[in-house]
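Subject: Structure handover

Hello,

Here is the structure I said I would pass on. My notes on what was found in it follow below.

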Amino acid sequence: MAVPTSILGPPPVGQSGPGSMASWCSVSSGPSRYVLGMQELFRGHSKTREFPAHSAKVHSVAWSCDGRRLASGSFDKTASVFLLEKDRLVKENNYRGHGDSVDQLCWHPSNPDLFVTASGDKTIRIWDVRTTKCIATVNTKGENINICWSPDGQTIAVGNKDDVVTFIDAKTHRSKAEEQFKFEVNEISWNNDNNMFFLTNGNGCINILSYPELKPVQSINAHPSNCICIKFDPMGKYFATGSADALVSLWDVDELVCVRCFSRLDWPVRTLSFSHDGKMLASASEDHFIDIAEVETGDKLWEVQCESPTFTVAWHPKRPLLAFACDDKDGKYDSSREAGTVKLFGLPNDS
């Protein structure tokens, strides 16, 4: 059964740090011009602001393709949508209808008005921000935890806690195919070309299927332990995986070989995001910082401090702004802390 990333423990002793896969990580001679330039930018734009979003913790954040809106999904069974105005997020709407936690959401790849939510209530819902209404509710067989929209916009894939992935036609809202897997499915994604479908699994493997045939193409032993998350870079050159061994590995899309890994986190890597230019990779875990690496060297570019474990990170599709959400404490622990906030890093220090 798939495990929600919020309840993973620390990596097994000896599976991160020297002597593991991390020990062959490349070390470059000095910071690149890109790193120096971005560090200079972040020195003046290192502010993180919090925006109230939900009455309980936020599991997922995602930007619309045009970068005008940010959506968040929460344990409080709702989704919220914000408009990005100059240096702040302004709440536009709250979307109610799910009967259980909203575990993941994503936007249509090319239509900035549509997003889809996956919930433990055994449905997915497609929402339209123009009418602020749910335009479709699709019943599925299990409690949904993963969702992604195909790059061509035609199909939505949703994975549930019983390791079933259902492929839903985005126009007719009917199921086109269903696959039951014999392994724990963690995260799912199409490649940018839309002709392969990737799954990360509980045995540390990346399983690759042809699409739309859904025939096994390859299984890659990526990590010695649970492979949790996967993201493709917008340029189509790399994809990255994050694992319970606290490592992030970067893969060449065409060769399907690991080109480098990043080992600055100490806890299972829950969430990843590539910047719009494909040059930065943000990764986060229960560590109280988000690591921002230069993709080409693996060098540390910046770290974003946070006070608790991070569930989700998402770079803006056009600007060096990082949205994220952490395990905010409820009022009963510390009444000064807001539960269910969305955070934005990269704002001007004087804003």
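**The loop at Thr140**

Thr140 sits in the loop that runs between strand 9 (133–139) and strand 10 (144–149). Please keep in mind that this is a predicted model. Is Thr140 buried or exposed? Its relative accessible area is 14%, which is under the 20% limit, so Thr140 counts as buried.

The side chain of Thr140 has two polar partners to look at. One is the backbone oxygen of Gly142, which the Thr140 side chain reaches at 3.5 Å. Another is the side chain of Asn144, with which the side chain of Thr140 makes a polar contact at 2.8 Å. When residues up to four places away in sequence are left out, Thr140 touches Lys122, Thr123, Val158 and Ile168.

**Salt bridges**

The count of salt bridges comes to 14.

Arg43 is paired with Glu40, and their closest N and O atoms are 3.0 Å apart. Both residues belong to helix 1 (residues 33–44), where they are three residues apart, about one turn of the helix. Arg43 has a relative accessible area of 48% and is partly exposed.

Glu286 forms a salt bridge with Arg270, with 3.5 Å between the closest N and O atoms. Where do these two residues lie? Glu286 is in the loop between strand 23 (280–284) and strand 24 (289–294), while Arg270 is in the loop between strand 21 (258–262) and strand 22 (271–274). The pair therefore ties together parts that are 16 residues apart in sequence. Arg270 counts as buried, at 6% relative accessibility.

Glu303 and Lys300 also meet through their side chains in a salt bridge, at 3.0 Å from N to O. Both ends of this pair are partly exposed: Glu303 has a relative accessible area of 27%, and Lys300 has one of 40%.

Four strands make up an open sheet in the order 18-19-20-21, with antiparallel pairing. Its edges are strand 18 (227–232) and strand 21, each of which pairs on one side only. On average, neighbouring strands of this sheet are turned by 20 degrees against each other, direction ignored.

How many bridges join strand 18 to strand 19 (residues 238–243)? There are five, and the two strands run antiparallel. Phe232 stands opposite Phe239 of strand 19.

**The largest nonpolar core**

The largest nonpolar core holds 19 residues. Those touching the most other members are Phe42, Met280, Ile290, Ile292, Leu301, Phe324 and Phe345. At least two residues of this core come from each of helix 1, strand 23, strand 24, strand 25 (300–305), strand 26 (310–315) and strand 27 (322–326). Which element gives the most to the core? Helix 1 does, with four residues.

Ile290 is worth a look in the viewer. With neighbours within four places in sequence set aside, Ile290 is in contact with Ala282, Ser283, Ala284, Trp302, Glu303, Val304, Cys306, Thr310, Val313, Leu322 and Phe324. Among these contacts, Phe324 is also one of the core residues listed above, and Glu303 is the salt-bridge partner of Lys300.

Regards

Notes:
Residues numbered from 1 in each chain as written. Predicted model: local features only at pLDDT ≥ 70, side-chain atom pairs only at ≥ 80, totals over all residues. Heavy atoms only, no water. Salt bridge = Lys/Arg side-chain N within 4 Å of Asp/Glu carboxyl O. Buried < 20%, exposed > 50% of the residue type's maximum accessible area, 1.4 Å probe, protein only. Polar contact = N/O pair within 3.5 Å; in protein donor to acceptor, adjacent residues only side chain to side chain. Contact = heavy atoms within 4.5 Å. Pairing = 2+ DSSP bridges. Axes fitted to C-alpha atoms, helices over the stretch in contact; angles between N-to-C directions. Core = buried A, V, L, I, M, F, W, Y, C linked by side-chain atoms within 4.5 Å.
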